[in-house]
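These are my notebook entries on a structure that is new to me. I set down each point as I looked it up.

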Amino acid sequence: MVISSIDAVGGKAIEVAETLGLFSSLQQSGGDIEELALRLQVSVRGLRPLLFLLSSIGVVSQRGDQFLLAPETSEFLKNQWPARRDELPQPADWEQLEGAVRTGRCVRPAIEGESDGGSFFTGIVDTLFRLHSGMARHLHHELPYSIRKVLDLGAGSAVWSLGLLTQREEVMAVAVDHSKVLQEVTSRFVHEKGLAERFELRAGSYHDVELEAEGYDLVYLGHVIHSEGWDATRSLLLRCLKTLQPGGILAIAEWVGSEPRSQDYHANLFDLNMLMFTEAGLVFSAAEMERLVTEAGFLNPRWITGPGRHPVLLAEKAG
Ligand SMILES: C[S@@+](CC[C@H](N)C(=O)[O-])C[C@H]1O[C@@H](n2cnc3c(N)ncnc32)[C@H](O)[C@@H]1O
């Protein structure tokens, strides 16, 4: 792979990799993420998205689970990088990337679990509606007509449940989110669509808000698990399993990391953002998400492609 154009964050990633001694270590020998993290004395959580981003730029290459120095990198770092680096702006908010990679901890108050009830998210969910509504509507064709009650966790604009309710008048929904998001965003969207009477807006954290046992035919997790990470996603999936009827369906809409990871720079950039700005978040690959849902007890995971950047994962609770 040829070293591609480098933006400000990419430049910062190279700078941090140099400071941590990643390139000189890879010059000696390649390794998997755990080995390299041990060698450099940095966190696995931090090194993972850094390596993925560097592989997208082309300075690191990936073979299976092994990361190697790309053939052009030594020459590039010696002859071209010093001048390129001086031309790049320092990206705002990324000064602490090195610390985040070393420790695996986010560098500011985490955006998930905000105590003020969702200020960060009220600003972005409108944009997310435009991005996701085509795919949300498309799912209607893939979902059984027996669905009557759906749960939309981390609903935001309720884009995922609205995608179904606007096309099926027999379906009712419960949307869970921080109270500020429900009041300022969700409620506006469901009113605009004339569907307020078919929605219950339930304020609280999806980690502990009360959910009825076997109360739903379908649960959406729409762009939620990337800010949660492994452990919180596992417990969220168990809550979803419990609240679904036997035979009920889980729908996960998410960023999906490419295989190999080098192929999707933007997913890797988002992954690095999750390192910087959440306590445990990350972009999962398709295989990792399938493993998470099957380990939680869901059956028959399958990917639905449609008018969205990434496919949506559907899986079922045993009937
Ligand atoms: C990235 S947005 C996705 C919104 C919408 N599902 C979509 O796909 O466009 C994440 C949403 O989850 C909500 N959220 C984050 N943490 C939450 C929590 N612990 N409990 C309830 N909602 C939460 C945010 O307020 C936000 O609306």
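Which helix supplies the largest share of the lining of the second largest pocket? I note at the outset that the model is predicted. I found that helix 4 makes this largest contribution, with 5 residues.

**Entry on the pocket.** I recorded a volume of about 440 Å³ for the second largest pocket. Its lining consists of 25 residues. Nearest the centre of this pocket I listed Ile33, Arg48, Phe52, Trp230 and Glu288. I then looked up which helices take part: helix 3 (33-40), helix 4 (44-57), helix 11 (229-243) and helix 12 (265-277) each give at least two residues to the lining.

**Entry on the cores.** I turned next to the largest nonpolar core, which has 40 residues. Within this core, the residues with the most contacts are Ile14, Phe23, Leu50, Leu54, Val59 and Leu97. I noted several elements that supply at least two residues each, including helix 1 (8-20), helix 2 (22-28), strand 2 (66-69), helix 5 (73-87) and helix 6 (97-103). Helix 4 gives the most to this core, namely 7 residues. I took Leu54 as an example and set aside its neighbours within four places in sequence. The contacts of Leu54 that I then listed are Ala13, Ile14, Ala17, Leu22, Phe23, Val59 and Val60. Apart from this core I found another one, of 32 residues, with Leu143, Phe189, Ile249 and Ala253 among them.

**Entry on the backbone.** Pro260 sits in the loop between strand 7 (244-253) and helix 12.

Asp93 has a phi of about 75 degrees, and I located Asp93 in the loop between helix 5 and helix 6. For His223 the phi is about 55 degrees, and His223 belongs to the loop between strand 6 (216-222) and helix 11.

Is each of these two buried or partly exposed? His223 counts as buried because its relative accessibility is 19%, and buried means under 20%.

Conventions: Residues are numbered from 1 along each chain as its sequence is written. This is a predicted model: local features need pLDDT of at least 70, side-chain atom pairs count only at pLDDT 80 or more; totals for chains, interfaces and linings use all residues. Side-chain values use heavy atoms; hydrogens and water are left out. On a 1 Å grid over the protein atoms alone, a cavity is a set of points where a 1.4 Å probe fits but cannot get out, and a pocket is an open set with protein on both sides within 12 Å along at least five of seven lines; lining residues have an atom within 4 Å of a point. Grid points are joined across faces, edges and corners, and a volume is the space filled by probe spheres set on the points. Helices (H or I, at least four residues) and strands (E, at least two) are DSSP runs, numbered from the N terminus. A nonpolar core is a set of buried Ala, Val, Leu, Ile, Met, Phe, Trp, Tyr and Cys residues joined through side-chain atoms within 4.5 Å. Buried means under 20% relative accessible area, exposed over 50%, partly exposed in between (1.4 Å probe, protein chains only). Contact means heavy atoms within 4.5 Å.
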